[in-house]
Amino acid sequence: MDFFENPVVLVLLGAGVSLATSVVVTALHARQIRRAELRTATRAAARTLTSAFIAERDGHGDKTEFLREAELTVMSMTDRRTRERLADVVRLLREHELPEVEQLSGVGAATAKRLLCDHALEVLGSHLRAERLPEVPALMRKMLSVEEEALSIHSGESAPRPSEPIEKSSVTPRPRHTGGGTAAKGTGARKSTKTTKSAPKATGKSGRSAGSPAEKRDAEKESAFWDD
């Protein structure tokens, strides 16, 4: 308690609080001023771009000078979506007269110019009113989709060809070793062997059957001899 009752400590504490408060207030005020300046600069850039796009659509200005100033002004826009959308419009305005872009997209140069300028004006109006940006037109999406291919053709680069399918070499059919063929061969061989072996047996039996009466007669003669 004695520490806070010291007048020197109280003076230092009050000075620290006032210093911190002044620093915070100054930082917040500077931030608000910076935001207001950026907002004012963005609105001024949007108005400048609106006038430039109207002049370009009506054909009253120099294309090269317009594109240069428009590209520099778009880069100073604070809103990211508005900046990207306008950057696409400016890039297509620079390339919409190329024959490759016209052939691939099917949109003529005059039609593309009017379409792009009108869409840029709609985007700038939505940005100034703090509204949601409009959808990208179908023709503009088509131009964006063929942009890279058209530029590659214009620069003379050959488009990559699809890889050809690999042809398979003819395969010589191999004989299949099945059990049926082997069994058939073995069976045929066994049958032929049995046939050749059975032939002598049949011959022997026939010989025995043919010679059996003579043997009987000899046996009778011998028995008669011994009987005498």
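Predicted model: local features only at pLDDT ≥ 70, side-chain atom pairs only at ≥ 80, totals over all residues.
Let me start with Arg80, which at 46% relative accessibility counts as partly exposed. The side chain of Arg80 meets that of Glu84 in a salt bridge, 3.4 Å from N to O. Glu84 is also partly exposed, with a relative accessible area of 42%. Both residues lie in helix α3, 4 residues apart, about one turn of the helix.

Helix α2 has a pair of this kind too. There, Glu65 forms a salt bridge with Arg68, and the closest N and O atoms are 2.9 Å apart. Glu65 and Arg68 are 3 residues apart in α2, again about one turn of the helix. On accessibility, Glu65 comes out at 36%, partly exposed, and Arg68 is partly exposed with a relative accessible area of 43%.

How many salt bridges are there by this rule? The count comes to 9. One of them is between the side chains of Arg57 and Asp118, at 3.0 Å, N to O. This pair links distant parts of the chain: Arg57 sits in helix α1 and Asp118 in helix α5, 61 residues apart. Arg57 is partly exposed at 35% relative accessibility, and Asp118 is partly exposed with a relative accessible area of 28%.

The largest nonpolar core has 28 residues. Those with the most contacts inside this core are Leu49, Phe53, Leu86, Val89, Leu93 and Leu116. Which helices each supply at least two residues of the core? They are α1 (7–58), α2 (63–75), α3 (80–95), α5 (109–128) and α6 (138–154). The largest share, 7 residues, comes from α5.

Take Leu49 as an example from that list. Leaving out residues up to four places away in sequence, Leu49 touches Ala70, Thr73, Val74, Met77, Leu86 and Leu124.

Last item, the loop between α5 and α6, where Ala130 is placed. Phi of Ala130 is near 60°, a positive value in a residue other than glycine. Is Ala130 buried or exposed? Ala130 is exposed, because its relative accessible area is 70% and the cut-off for exposed is over 50%.

Note on methods:
Residues numbered from 1 in each chain as written. Heavy atoms only, no water. Core = buried A, V, L, I, M, F, W, Y, C linked by side-chain atoms within 4.5 Å. Buried < 20%, exposed > 50% of the residue type's maximum accessible area, 1.4 Å probe, protein only. Contact = heavy atoms within 4.5 Å. Salt bridge = Lys/Arg side-chain N within 4 Å of Asp/Glu carboxyl O.
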